[in-house]
Amino acid sequence: MDMQVAKKKLGLKERYALMTRDLGWDTTYQPMNKVFPQAEYEGIKIHDWSKWEDPFRLTMDAYWKYQAEKEKKLYAIIDAYAQNNGHLNVTDARYINAIKLFLNGISPLEYMAHRGFAGVGRQFPGVGTRVACLMQSLDEIRHSQTQIHAMSNYNKYYNGFHDYTTMIQRVWYLSVPRSFFDDAITAGPFEFMIAIGFSFEYVLTNLLFVPFVSGAAYNGDMGTMTFGFSAQSDEARHMTLGLECIKFMLEQDPANVPIVQRWIDKWAWRGYRVLTLVGMMMDYMLPKRVMSWKEAWEIYFEENGGALFNDLARYGIRPPKFLDQIAFDKDHISHQAWGTFYNYAAACNFHSWTPTDDEMDWLSAKYPNSFDKYYRPRLEHWREEAKKGNRFYNKTLPMLCQTCQIPMIFTEPGDPTKICYRESDYKGTKYHFCSDGCKDIFDHEPEKYIQSWLPVHQIYQGNCFNPGVDPTAPGFDALGAVLDYYNMAVGRDNLDFEGSEDQKNFEAWRGMATKNI
Amino acid sequence: MGVAAIKEYVGENKDRLENFHGNQLLYVGWEDHLMFCAPFAFPFPPAMRFGDVIEKVLPGAFGYHPDWAKIDWSKVEWFKSGQPWAPNFAKSLAENGLRHKDVVRFRTPGLTGIKGSCS
Amino acid sequence: MSTVFIALQTNDDTRPIIESIMADNPHARLNEAPAMVKIDAEGKLTVKRESIEERLGREFDLQELHINLISLSGNLDETDDELTLSWNS
């Protein structure tokens, strides 16, 4: 790289102070608490906003310079990848389904993060915090757009990429990531910072962007590798903002500690549930595997998160609740999730499959406590049945958790053979949960979570059909009508990978790329 | 406090009984058979005979499993919200005390899924 | 003692940076993965501008790190001359 380094007249710290903090003033025409109406209702007490400091001390001139450099690199790689028909160099076409999940389930969240940080940046009275939130807001829309650009190349050739903006609002499993972000963005500004800035960015995004994106590189997907690492280069700044923000809240007033602790408990659990999808992508959807979900969890959550919570102990903060259960479940959740998508492959916009023999052996080796005992038998049974032309398609709708909205697939703490059922009564109605973690969150704010838009219940209420569809007509095909509403092409986007159009096309095109036909 | 909010705030329960066109929700799970990844959710009229759920609906949902045909229904153990429960097959859901969004599970002694893995 | 880390993409820009970090932090461990490295260190890790400039043969602004940075952990402090990551416990 050849960058000009300008001679500086001021040091980094002075420059940052002059360019951020000095920009603020207290309002006089209107009282400050009217100008910043969300700053107090969550109970967080801030006495001196000037104590907050962005450790990266990034000013806009430097921000544009480095972001421009990142964009140039990113688009050079994306262009080269497209020009070279790079999609035909991925390990095999099953891999592309992980990218479908990424575009449909994760990129829309980047856009929501953009809106969220723009929103909280407006609400914070402190100048340094506002500037940092502004930059993160810009980063997040960049992530969303670069991901859409990068993956649009796959949309030219493969199914399931065509309508993620509709699908995030309608498809059953996508209500999980969507409701996660909707929950955060409808909280107050401080809770949003703990939810996204701290819990998600600091404790959890490493698991998505680092081992998974390294895995994309390993599977020959330069497009995803480059947008992933380009996004993650911003995440380092976001993580630092999240950590700074939590320390600032804890240092400002001891009364903030229990509020922050409850948010840490809530959002560590919420994030952990959403990441189940990533666990499944790593263990089942990357044909060449970099590390197992369990190994990634141990490095990035247990080791790195452990160090973080040791550091925060001096403020009276303890690690998030339910860590024993989380530690036990790392042997199980990726398998339980893959089994779920295998069950409901008829209602998915990506394909699923049973692992090959060597993949099963890899899973046995990585999960000696669980895979052979609990999960191999069902996968082998499904494979045998599929060979006989009797592939399992579960067509009965599942019971969902009121909080995380994931089907009730998770098992009792310590017993992977029993589904975990929890329930609460609120104002005369029963609500059901997949875990103590999700029940706790509901019980604390029931008025929020009784509003969950649960896809299964919405289907039964008749709210998931296109206008003009008559569910009382003779011979009405409910599943078909729901898939129409999802804008999913039946027989192309859904069902097993084996026999799919993607599989056939990839084989034919790869053949054309290596032979003179 | 039902929610943290800047002013008085009341949420809307999206799943009120009257939204289901005369049906009520019943959740049904089969213990030790996790090949079905989660319990099922069904909309049923409260006047529906409980036996009809077993005989006419559940075979379509669980029948793919090789254990399904082996069930001895006289030995099945039932649970409602996790507590032992004795349904009367001849009576309706309502007469069996089943309300909107109740959850029942059944255990089939001796049947423990594919190769005993609780799948 | 807790571990801090910094993760960088592997390319021509980062080779001298990784070399400098490893030279300045003898207690650090280099973990190589596809397309990236993760450098772990007990307690503290320091990235020094001068060391990078020596290897690069030109002036280097530590904020250029952002271009190839993947992730990090620990409390961060940055000046014109060095960037440190540390845990207090």
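Predicted model: local features only at pLDDT ≥ 70, side-chain atom pairs only at ≥ 80, totals over all residues.

How do the residues of the lining of the second largest pocket divide into nonpolar, polar and charged?

Two helices of chain A, helix 20 (455–460) and helix 21 (478–485), each contribute at least two lining residues, as does strand 2 (40–44) of chain B. Helix 21 of chain A gives the most, namely four residues. To return to the question, the lining divides into 18 nonpolar residues, four polar and one charged.

The largest pocket has a volume of about 830 Å³. It is lined by 39 residues, of which Asp182(A), Asp183(A), Thr186(A), Ala187(A) and Lys448(A) are the closest to its centre. Here the classes are 15 nonpolar, 13 polar and 11 charged. Helix 8 (175–185) of chain A is among the helices that supply at least two residues, and its seven residues form the largest share of this lining.

Searching the whole structure gives seven cavities of 30 Å³ or more. The largest cavity contains about 230 Å³ of space. Gly105(A), Ile106(A), Leu109(A), Phe200(A) and Leu208(A) are the closest to its centre among the 21 residues that line this cavity. Which element gives the most to that lining? It is helix 9 of chain A, with six residues. By class, the lining of the largest cavity comprises 15 nonpolar, two polar and four charged residues.

The second largest cavity has a volume of about 120 Å³. Its lining includes Trp172(A), Tyr173(A), Phe341(A) and Phe410(A). Helix 15 (333–343) of chain A is one of the helices that supply at least two of the lining residues, and with three residues it provides the largest share. This lining has 10 nonpolar and two polar residues, and no charged residues.

The largest nonpolar core has 219 residues, and Phe198(A), Met285(A), Phe62(B) and Phe106(B) have the most contacts inside it. Helix 9 of chain A supplies 19 residues, the largest share of this core. With neighbours within four places in sequence left aside, the contacts of Phe198(A) include Met193(A), Leu243(A), Ile264(A) and Phe309(A). Another core, of eight residues, lies apart from the largest one and has Leu58(A), Ala62(A), Tyr66(A) and Val131(A) among its members.

Finally, the interfaces. Of the two pairs of chains that touch, chains A and B have the most contacts. Between them, 54 residues of chain A are in contact with 45 residues of chain B. Chains A and B bury about 4300 Å², with 58% of it on carbon and sulfur atoms. Tyr421(A), Tyr460(A) and Gln461(A) lose the most area on the chain A side, together 16% of what that side buries.

Chain C and chain A bury about 3600 Å², 56% of it on carbon and sulfur atoms. Gln63(C), His66(C) and Ile67(C) account for 18% of the area that chain C buries against chain A, more than any other three residues. Chain B and chain C are joined by no contact, and their closest C-alpha atoms are 31 Å apart.

Note on methods
Residues numbered from 1 in each chain as written. Chains lettered and ligands numbered in written order. Heavy atoms only, no water. Contact = heavy atoms within 4.5 Å. 1 Å grid on protein atoms, 1.4 Å probe; cavity = no way out; pocket = protein on both sides within 12 Å on 5 of 7 lines; lining within 4 Å. Points joined across faces, edges and corners; volume = space filled by probe spheres on them. Nonpolar A, V, L, I, M, F, W, Y, C, P; charged D, E, K, R; others polar. Core = buried A, V, L, I, M, F, W, Y, C linked by side-chain atoms within 4.5 Å. Buried < 20%, exposed > 50% of the residue type's maximum accessible area, 1.4 Å probe, protein only. Buried area = accessible area lost by both parts, 1.4 Å probe.
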